[in-house]
Amino acid sequence: MKKSRLAAAVSYAVLFVCVICALFPYLWTFLAATHTNAQVFHFDYTFRLGTNLIQNYHDLLEELPIWNNLFSSLFVATVYTVLVLLLDSMAGYGFAQYRFPGRNILFVIILAAMMIPAQVLMVPLYIQFSKMALTDTYAGIILSGLPGAFGVFLMRQSMLSFPRELIEAARIDGSGEAKTFFTIVIPNMKPALTSLAILSFVNQWGNYYVPLVLLNTKEKYTIPVAISLLAQPNFDINYGALMLGACMAVLPIMVFFLIFQRNFIEGMMVGAVKG
Amino acid sequence: MRTGMSYKRKMKLAPWCFIGPFLIVFLLFTVYPVFYSVALSFGTYKAGSVKFFGLRNYRYLLSDKTFLQSILNTFKIGIIQVPLMIILALVFACLLNSKLVKGKGFFRMAIFIPVLIDAVSYSVIFSLLFNDQGFINNMISRLGFTPASWYTNPWLATMMIVIAQTWKWTGYNTIIILSGLQNIPSELYEAAAIDGAGRIQQFFSITIPLLKNMILMVMVTSVNGAVQMFTEPNIITHGGPTGSTTTVMKYLYDMGFKNFNFGIACAGSYVIVLIVVVLTLIQLRAGKEDAA
């Protein structure tokens, strides 16, 4: 009995240290957003609110159109997520519920392409987008992310287990293929769609490499690109303003997370088991 | 109500209608660029088209010390970071799965939170935490040690990136390993306990073998993540000091989009793809042999 008590105490101790390590940088960032430059690096202020929040906000706005950047991030991530859900669930359904020549080879090719890191294709994509006049547009960022095969794979897995009899019954009732898909199959795919939506949104929100390469107008920058601009060496900005920018990047995702907490973690797990 | 098309034809056409939109995007923005960049890796980009000149880009890369150094740097970070993170994730997952611990929901959520932040923001935050006068050094000097110069010592700069990456991704891997742990039937442990196996013995003879696939998968994704690391070195250390944290991806970004040397950047990309494929195959092979 004593032994298991000790074990429990050690377990809690380890977990608490881990939780503190996980949360501290967030707390520090929120507090630093209210600090002056001197306060950011002053130990006595580490756990205290500073006095400089409003000044930091003004400084931030002077360097960046931060609300535009926030809009860019939201817009790109939302449109991207909607398109991923549509394209991937359709393709997943096509692969899961129909037999057609070349199906397996095609699926393997799409999966094999997952081995190619997206960043690796940035040079040819950049050239291609220049020719299509899609550099410095949101469309370029969104299009470059759409061919990811993970969502097709995830949706195919979920749709394989969808009862065929339901689809057959709908066909006999005279429902067209598209109508069957949108009114019978899709409403039953909510868990998989939620997981995919969360993964896509978070990934696109944090996307740095692609918008960094494609965008060159300050107003269009997504939040990560905008913040990385401020963090360049020799850039003369106060650190409080920089941390305020980081807060603005983190808060929307945090809100999103707190609302969908259960789906979030389960979505990640689903992604792992099926991937 | 059937329209003009026969049922058979309709069923032949339907899958292509469903797959079509994805397929078009896939062909345009993955397949075409793959072929284009293979071509470009054997030449240079001039006035809107590719001028071929054979293997010059590859030869240049293999003799470029900065490139070879960047591969070495990437390995150095990965070899420390991946095992460290997986061991931590394994420990946390076991604790979160233990009957002794209550309030699992809270711990699970808290551990997961670093996954949410975007790569740029957390890199900026860590670069300030590790600043010469930053929180970490303040703590170190409070504890009575000499503050470290994280940005001028190559090893410390490497460690800084290792710490940052581990902070961000341990929670993710914990959650994944935890989902594997939850699939292990508890009867196995009960049976082992009856047979007199201690906790540590149970861990090595039940948990690890049954988790093998899960750990393998976590390893493959972590290694690939390490190989592709760009944001942290680009923002925290800017590749320095003296190029000691320039990763392959950082090198390729600078080559492609600072020097605009597209041909060399493409050739380098394929060196990375090769590394990713080889490493993945080695890990999968090792996983299989272990099972046999």
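# Close-up views of a two-chain predicted model

**View 1. Chain B, element by element.** Chain B has 12 helices and two strands. Helices (H or I, at least four residues) and strands (E, at least two) are DSSP runs, numbered from the N terminus. Read from the N terminus, the elements of chain B follow the order α-β-β-α-α-α-α-α-α-α-α-α-α-α. The radius of gyration of chain B is 25 Å, well over the 19 Å that the globule rule gives for 292 residues, so chain B is more spread out than a compact globule. This radius is taken over C-alpha atoms, and the globule rule is 2.2 Å times the number of residues to the power 0.38. The C-alpha trace of chain B spans about 70 × 70 × 40 Å along its principal axes.

The model is predicted: local features need pLDDT of at least 70, side-chain atom pairs count only at pLDDT 80 or more, and totals for chains, interfaces and linings use all residues. Residues are numbered from 1 along each chain as its sequence is written, while chains are lettered from A and ligands numbered from 1 in the order in which they are written.

View 2. Of the 292 residues of chain B, 39% are buried. A residue is buried if 20 or more other C-beta atoms lie within 10 Å of its own, exposed if 12 or fewer, and partly exposed in between; C-beta atoms are placed from the backbone. Two residues are in contact if their C-beta atoms, placed from the backbone, lie within 7 Å. Take the contacts in chain B between residues at least 6 apart in sequence: 70% of them join residues at least 24 apart.

View 3. Strands β1(B) and β2(B) pair in the antiparallel sense over four bridges. Two strands pair if DSSP finds at least two bridges between them. Gly43(B) stands opposite Phe52(B) in β2(B). The two strands form a hairpin with two residues between them. Ala47(B) lies in the loop between β1 (43-46) and β2 (49-52) of chain B. Phi of Ala47(B) is near 45 degrees, a positive value in a residue other than glycine. Ala47(B) is exposed, with 5 other C-beta atoms within 10 Å.

**View 4. Two packed helices in chain B.** Two packed helices are described by the angle between their axes and the distance between the axes. Helix α3 (residues 65-97) and helix α11 (residues 248-258) of chain B pack at an angle of about 145 degrees, and their axes are 8 Å apart. From α3(B), Thr66(B), Phe67(B), Ser70(B), Ile71(B) and Thr74(B) make the contact; from α11(B), the residues are Val248(B), Lys250(B) and Tyr251(B). By class, this contact has four nonpolar, three polar and one charged residues. Ala, Val, Leu, Ile, Met, Phe, Trp, Tyr, Cys and Pro count as nonpolar, Asp, Glu, Lys and Arg as charged, and the others, Gly among them, as polar. Axes are lines fitted to C-alpha atoms, for helices over the stretch in contact, and angles run from 0 to 180 degrees between N-to-C directions.

**View 5. Around helix α11 of chain B.** Helix α11(B) is mostly covered, with eight of its 11 residues buried. Among them are Met249(B), Leu252(B) and Gly256(B). Pro241(B) lies in the loop between α10 (231-237) and α11 of chain B. A cis peptide bond joins Gly240(B) and Pro241(B), with omega about -10 degrees. Phe260(B) lies in the loop between α11 and α12 (262-291) of chain B. Phi of Phe260(B) is near 50 degrees, a positive value in a residue other than glycine. Phe260(B) counts as exposed, with 11 C-beta neighbours inside 10 Å.

**View 6. Chain A on its own.** Chain A has 15 helices and zero strands. The radius of gyration of chain A is 23 Å, well over the 19 Å that the globule rule gives for 275 residues, so chain A is more spread out than a compact globule. Its C-alpha trace spans about 75 × 70 × 35 Å along the principal axes. Buried residues make up 45% of the 275 residues in chain A.

**View 7. Where the chains meet.** The contact takes 75 residues from chain A and 69 residues from chain B. Helix α1 (residues 2-32) of chain A gives 16 residues, the largest share of the side of chain A that touches chain B. By class, that side has 61 nonpolar, 12 polar and two charged residues.
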